[in-house]
Amino acid sequence: MNTLANGIDSVEPAARVAALTADIRERADPAQVRADRVEQLYSQLPLGMGATVVTGVIAAWELREGRLIELVLFWGGLLALVVLLHGMLYLGYRNDARRHENTGQWLRWLGIGAFAAGAVWGFAAAVFFPSHADERQVFLAFLLAGVLSGGIPMYAASWPMFAAYAAAIALPFTYVLATFGNRLFAEIALLIPLFFGASVAIAFRLNGVFLSGYRLRHAYQRQLVELQEARRQIEASGRKLALFAERAPIAVLELDTDGVVHEVNHAAELLFGYAAGELVGKSAKQIVLPKYHPDFDREWAAMVKSRTPSAGVKVRNPRRDGLTVVCDWTVTPLVNPEGHLIAVIAQGRDITAQLEAERMKKEFTSTLSHELRTPLTSIIGSLQLINAGVLGDVNKDVAELTEVAERNGQRLLDLINDILDIEKIESGKLALNREVIRVDELVRESMLLNKGFGDRFHVRFEPRGELLTYEVNADRKRLLQVMTNLLSNAAKFSPEGEVVEITTEEINGQLRVGVHDKGPGIPEAFRSRIFGRFNQADSTATRQKGGTGLGLAICKRLVELMQGRIGFDDRDGGGTIFWFELPRHA
Amino acid sequence: MPDRPLQRISYVEDDEDIQRIVRMSLERVGKMTVDVVSDSTTAIARITSFKPDLVMLDWMMPAMDGPTLFRHMKQNQETSALPVVFITAKATHKDMEELLTLGAAGTISKPFSPKDLPDQLRAIWAKLP
């Protein structure tokens, strides 16, 4: 599956490219950039100290001939002290393991050092310039200009540091030149600030270049780390994906846009009986029956054009050994961000066994229906003829037993019918025969149908109040089945001599039919599974009063098939109200 | 509605027990005359000679099933006009509809109540043109 990942990732979305090229320097970490600057400043120190010592010795030598030899020695001492302190600063910095974090502190000390070094040279200008003759003054001016310029590369990584250093030299020098009383010197004094300004400007520019360089370096470093991490993640997810496909229990095939197999997983090898090498590089038509090749070509072309994924495509596929398997295919075209189709993933689930099981279940249901009903027809029919008295009177004991036999035969038949109903509903094979029905007529019909049942339990069915004449769009036979279930339950569980009341009402556009019994109520523990299959609150009731335990389960499914709902409430003063609601027919 | 009461019935059914119950139901409860045919392949000849008012056919029979026999009857001049009622344990709603559109007079599903069977047949008879 690696080719997939590459296919997607090799093409950058335009937006991402733009974001990357915007200014990569923005991505640098400022703390790291600062550490680099400090490192650069300190790395210049040995060179600077060397140059200072050499220049200092030459200067002291040249200036010693004057009368102020002690002053020269004092200045030389100051310069040596500054160099020494810089040396210590350098060593201190080099030995600080946390120097890249304490950048602020090291920057501050170096700033003070720079100013001190500048001040020592400024002192030389202030003290020695007025006290020497012409040639020495030229020497000194040249020396000071050199020392000042030399600071530019030294402090290139921090222009304010250079400005402090240069100002410490230039200010005293400008002052002595301006106050010397010589017109030429006064003019030079005017030029020095310009020279200072230009130097600081150069240092500023240089500083910018250095900074930009450091930021670029860190941004690229960071980019590199991120790229490596991203690559690691892609490889990991690629491995994970490959593993998903390889270990999946369904056949997974990666095909190119021409329908040529690129990669297959182990399940695909097992399912079709081909080794991966026999499938890869060949058209997927190898596992399509030849008579379906034109269909395959047509479907494939449509899919490549529309890039629409499809699922639940059932196909009979030939195996290498000549047998066939029926597969449920999920086909997914992979499209990259530019909208190009790069591959097609086909996942096939073997449903041969499932289809066979479905066929067997259907056959079983059909057999159950016919083979059980036929003998029951004979049994119940015979008993009915006897019990109806068609054959003349029978002995009282015999009559009692034939009635027991008929009742139980009927129960068995009810159970078979209920099982078939549930099976039909759950397999989605129950077709509703909808018509517009008046609710009051339905209720009256159901009461009439169940009168005999009520009589058996000495319970009467009566409407309470006026029945609504509203209409519903429903299956009459199935709705009567629901009513019969509710009425017979109410009769079974009501005490003898009681009245079961039927109500109709409209609640928010729903017509509700309620059956109110005076039974013992629904036990708490049974409430949640009352509409489940083969559930009865008290299994002894089944034996005493009959019923399959499927009635309410069927009612719930039937009512829901007709876009309604079913439920029950406790009745004030004992008993239960079972109700169902159906949308009122407009 | 035919101008005479329903009297003579031919019944084609392979199950002997059901034959007996239907015969008893129609003769004792319905006071009708019944000719029961066990072998569907000889049914047309038997029906032709018995001259019933109405024919009842079982759906599932070993030699020739009810719907096939029905189609044969439709092709035979002497039997094509007879009203036919199917009695079956199996038929789905769709199958029933199909038979009715083919011209069956009615359907009765198994298990039927032998007490009510004559009345069910008379109700179908009453609806005939």
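Of the 586 residues in chain A, 27% count as buried. Keep in mind from the start that this is a predicted model. Chain A is built from 19 helices and twelve strands. If you look at its contacts between residues at least 6 apart in sequence, 66% of them join residues at least 24 apart.

The largest nonpolar core holds 44 residues, and the ones touching the most other members are Trp121(A), Ala125(A), Leu144(A), Tyr155(A), Phe162(A), Tyr165(A) and Ile169(A). The elements that put two or more residues into this core are α3 (30-43), α4 (45-63), α5 (69-95), α6 (103-131), α7 (134-154), α8 (159-179) and α9 (183-247) of chain A. Helix α8(A) gives the largest share, twelve residues. For a closer look, pick Phe162(A): setting aside its neighbours within four places in sequence, Phe162(A) is in contact with Gly151(A), Ile152(A), Tyr155(A), Val200(A) and Ala203(A). There is also another core, apart from this one, with 34 residues, including Ile437(A), Val459(A), Val515(A) and Met562(A).

Now find helix α13 of chain A, which runs over residues 352-387. Its 36 residues reach 51 Å from first C-alpha to last, close to the 52 Å expected at 1.5 Å a residue. There is a kink, though: about 25° at Arg373(A), shortly before the proline Pro375(A). What covers them? Just after α13(A), Gly389(A) takes a positive phi of about 80°.

Chain B has five helices and five strands, and along the sequence they follow the pattern β-α-β-α-β-α-β-α-β-α. Among its contacts between residues at least 6 apart in sequence, 61% join residues at least 24 apart.

The five strands form an open sheet in the order β2-β1-β3-β4-β5, with parallel pairing. Strands β2 (33-37) and β5 (106-109) are the edges, each pairing on one side only. Neighbouring strands are turned by 20° against each other on average, direction ignored.

You can walk through part of this sheet pair by pair. Strand β1 (8-12) and β2(B) run parallel over five bridges, and Ser10(B) has Asp35(B) as its bridge partner in β2(B). On to the next pair: β1(B) and β3(B) are parallel and joined by four bridges, with Leu57(B) in β3(B) as the bridge partner of Val12(B). Four bridges also join β3(B) to β4 (84-88), again parallel, and there Val55(B) has Val84(B) as its bridge partner in β4(B).

So which way do the side chains of a strand go? In a regular strand they alternate between the two faces of the sheet. Strand β3(B) lets you see this: Leu54(B), Met56(B) and Asp58(B) point one way, while Val55(B) and Leu57(B) point the other. Five of the five residues in β3(B) are buried, whichever way they point.

Helices lie across these strands. Helix α1(B) sits across β1 and β2 of chain B and runs at about 165° to β2(B). Helix α2 (43-50) lies across β1, β2 and β3 (54-58) of chain B, running at about 170° to β1(B).

One last stop is Met32(B), in the loop between α1 and β2 of chain B. Is Met32(B) buried or exposed? Met32(B) counts as buried because 21 other C-beta atoms lie within 10 Å, and the cut-off for buried is 20 or more. Leaving out residues up to four places away in sequence, Met32(B) touches Leu6(B), Gln7(B), Ile9(B), Leu26(B), Glu27(B) and Pro118(B). Take Gln7(B) from that list: Gln7(B) and Met32(B) are 25 residues apart along the chain, yet their C-alpha atoms are separated by 5.0 Å.

Note on methods: Residues numbered from 1 in each chain as written. Chains lettered and ligands numbered in written order. Predicted model: local features only at pLDDT ≥ 70, side-chain atom pairs only at ≥ 80, totals over all residues. Expected span 1.5 Å × (residues − 1). Bend = angle between axes of the 7 residues up to and from the residue. Core = buried A, V, L, I, M, F, W, Y, C linked by C-beta atoms within 7 Å. Buried ≥ 20, exposed ≤ 12 C-beta atoms within 10 Å, placed from the backbone. Contact = placed C-beta atoms within 7 Å. Pairing = 2+ DSSP bridges. Axes fitted to C-alpha atoms, helices over the stretch in contact; angles between N-to-C directions.
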